[in-house]
Amino acid sequence: MNRRHFLKSSVAAAVALSFHQKLALAQMADAEAEIAANIEAITGQGEEILLQGSAVQELSDSIRGNVLLPAGAAYDDARLLLNAAYDQYPALVVQPYSSADVSATVKFAAENRLLTAVKCGGHAFAGTSSCDKGIQIDLSKMRWVRVDPQRRRAWISGGSL
């Protein structure tokens, strides 16, 4: 590898890393914010409800992933879909890090009868990866693959692209 190519690659990597660090810091700030107010939401049957801020805070405290609210810095990026024709605003976006986080989030959604959408890659043409005033479970933080070459098996997480 020549030195010029190495320097170009290093600069590109540093720029990319700084962008991801900014996004990670914004998400950490969102995750650490106290959830005090109640949140307007909608059930799967279309009934308007108020989610208790304390219940959402309890969910946030019980998972390793992020719970993002409309006032948070990372919310807008998380809610967006690839099909810009669907510009929806969920009451909250949850970004689980593990299957335990997914389980806790689905349990929370069921207990509160929330309209629920699951965003894997955000490329559902019909816009079903999001919803207005419901809960969006954004699996983008669950991107991993595990391969067992001897058994010829692979496991791919839900957020993998």
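Asp148 sits in strand β7 (helices, H or I with at least four residues, and strands, E with at least two, are DSSP runs numbered from the N terminus). This is a predicted model, where local features need pLDDT of at least 70 and side-chain atom pairs count only at pLDDT 80 or more, while totals for chains, interfaces and linings use all residues. Residues are numbered from 1 along each chain as its sequence is written, and side-chain values use heavy atoms, with hydrogens and water left out.

Is Asp148 buried or exposed? Asp148 counts as buried, at 18% relative accessibility (buried is under 20% relative accessible area, exposed over 50%, partly exposed in between, with a 1.4 Å probe and protein chains only). A polar atom of the Asp148 side chain lies 3.2 Å from the backbone nitrogen of Gln150, and the side chain also reaches the backbone nitrogen of Arg151 at 3.2 Å. Both are polar contacts (N or O pairs within 3.5 Å; within protein, one atom must be able to donate a hydrogen and the other to accept it, and residues adjacent in sequence count only if both atoms are side-chain atoms). Neighbours within four places in sequence aside, Asp148 is in contact with Arg153 and Trp155 (contact means heavy atoms within 4.5 Å).

Val147 has Ala154 as its bridge partner in β8. Four residues lie between the strands, and Arg152 takes a positive phi near 55°.

## The open sheet

Now for the four-stranded sheet: it is open, runs in the order β3-β4-β6-β5, and has mixed pairing. The edges are β3 (66–68) and β5 (116–119), each pairing on one side only. On average, neighbouring strands are turned by 20° against each other, direction ignored (axes are lines fitted to C-alpha atoms, for helices over the stretch in contact, and angles run from 0 to 180 degrees between N-to-C directions).

Strand β6 (residues 135–138) pairs with β4 in the parallel sense over three bridges, and four bridges join β6 to β5, again parallel. Ile135 of β6 is the bridge partner of Leu92 and also stands opposite Thr116, while Gln136 partners Val93. Side chains in a regular strand alternate between the two faces of the sheet. In β6 both faces are covered, with Ile135 and Ile137 buried on one side and Gln136 and Asp138 on the other. Helix α4 lies across β4, β5 and β6, at about 170° to β6.

## The nonpolar cores

Which residues touch the most other members of the largest nonpolar core? Leu51, Val56, Leu92 and Leu114 do, out of 17 residues (a core is a set of buried Ala, Val, Leu, Ile, Met, Phe, Trp, Tyr and Cys residues joined through side-chain atoms within 4.5 Å). Two or more residues each come from β1 (39–42), β2 (48–51), α2 (53–62), β4 (92–95) and α4 (99–111). A separate core of five residues includes Ala74, Tyr75, Ala78 and Val93.

Beyond its neighbours within four places in sequence, Leu114 has contacts that include Ile42, Leu51, Phe108 and Ile135.

Gly53, Val56, Gln57, Leu59 and Ser60 are buried in α2. They lie on the same side of the helix because they cover an arc of only 155° around its axis (the arc is that of the directions from the helix axis to the C-beta atoms). Ser54, Glu58 and Asp61 are exposed, on the face of α2 turned away from its buried side.

Key:
Two strands pair if DSSP finds at least two bridges between them.
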